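Welcome! Take a moment to look over the structure below, and then we can walk through it together.

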Amino acid sequence: MPGIHVKKITGGEKLQQKLREIAAIKAQAKVGFFDRATYPDGTSVAYVAYLNEYGGHNPRRPFMKHTARKNIKKWVLGIKKNIKMAGMSRANVKRAYERAAVVAVGDVKKTIKAWPPGGNKESTEKAKERRARSGKNLQAINPETVLIDTGQMIGAVSYEVKV
C-alpha cells in the first residue's frame with residue numbers, strides 16, 4: 001500500500017507580509033480635467049467636458065466613458081506588468097500608475113479627435129467658423145467637429161496619481 005507523503009510548505013509568513021505590503025499601498029490614478037484648467041473667460045474646462053460627456057445644452061457625447069470601456073483592461077495590464085518588472089515598492093507602484101495614466105491621457109485625446117463629426121447646431125458651426133476666421137482657435141478645425149472648438153479642452157486632459 002503506497003504511503004502518503006506530506007510536503008512541508010515554508011515561507012507562508014513571507015507571503016502574508018508581501019500581501020500586507022501590497023494592501024497598504026493604496027494607489028489611485030485620476031484622468032480627466034482638473035480645476036486649474038480654465039478658458040480665457042474663466043469657464044472651467046472640467047465643466048465644459050462634463051457638459052459634453054453628459055449633455056446639457058447639447059447632446060451627450062460620452063467620450064470619457066467610451067475611452068474607459070475600450071481601454072481599461074490595457075491600462076490595468078500595463079500597471080500589473082510594470083509592477084511585476086520593477087518590484088513592489090511605493091515608488092514603483094507610483095511609477096506604474098503614472099505610466100498608465102499617461103497612456104490613458106493619450107487614449108482620451110485620441111477619442112476626442114476621432115469623435116465622428118456632425119450633430120452640432122447650425123449656430124454652433126457658424127460660431128466655430130467665426131472663431132476660426134478671427135484666429136481665436138488654437139488650431140484650425142472643421143466646424144462640424146464635435147468635441148474640438150478652441151483646442152483647450154483636448155489640451156487640458158491631464159492626470160493625477162496618489163499613492
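## Helices and strands

Helices (H or I, at least four residues) and strands (E, at least two) are DSSP runs, numbered from the N terminus. By that rule, the chain has six helices and two strands, and along the sequence they follow the pattern α-β-α-α-α-α-α-β.

This is a predicted model, where local features need pLDDT of at least 70, side-chain atom pairs count only at pLDDT 80 or more, and totals for chains, interfaces and linings use all residues. Residues are numbered from 1 along each chain as its sequence is written, and side-chain values use heavy atoms, with hydrogens and water left out.

## The nonpolar cores

What is a nonpolar core? Here the term means a set of buried Ala, Val, Leu, Ile, Met, Phe, Trp, Tyr and Cys residues joined through side-chain atoms within 4.5 Å; buried means under 20% relative accessible area, exposed over 50%, and partly exposed in between (1.4 Å probe, protein chains only).

The largest nonpolar core has 16 residues, and those touching the most other members are Phe33, Val45, Phe63, Ile112, Leu147, Met153 and Val157. Helix 2 (45-54), helix 4 (90-114) and helix 6 (152-155) each give two or more residues to this core, with helix 4 giving the most, three. A second, separate core of six residues includes Ile79, Ile83, Val93 and Ala96.

## A look at Ala68

Ala68 sits in helix 3 (residues 63-86) and is partly exposed, with a relative accessible area of 29%. Its C-alpha atom is separated by 8.3 Å from that of Ala104, 36 residues apart along the chain.
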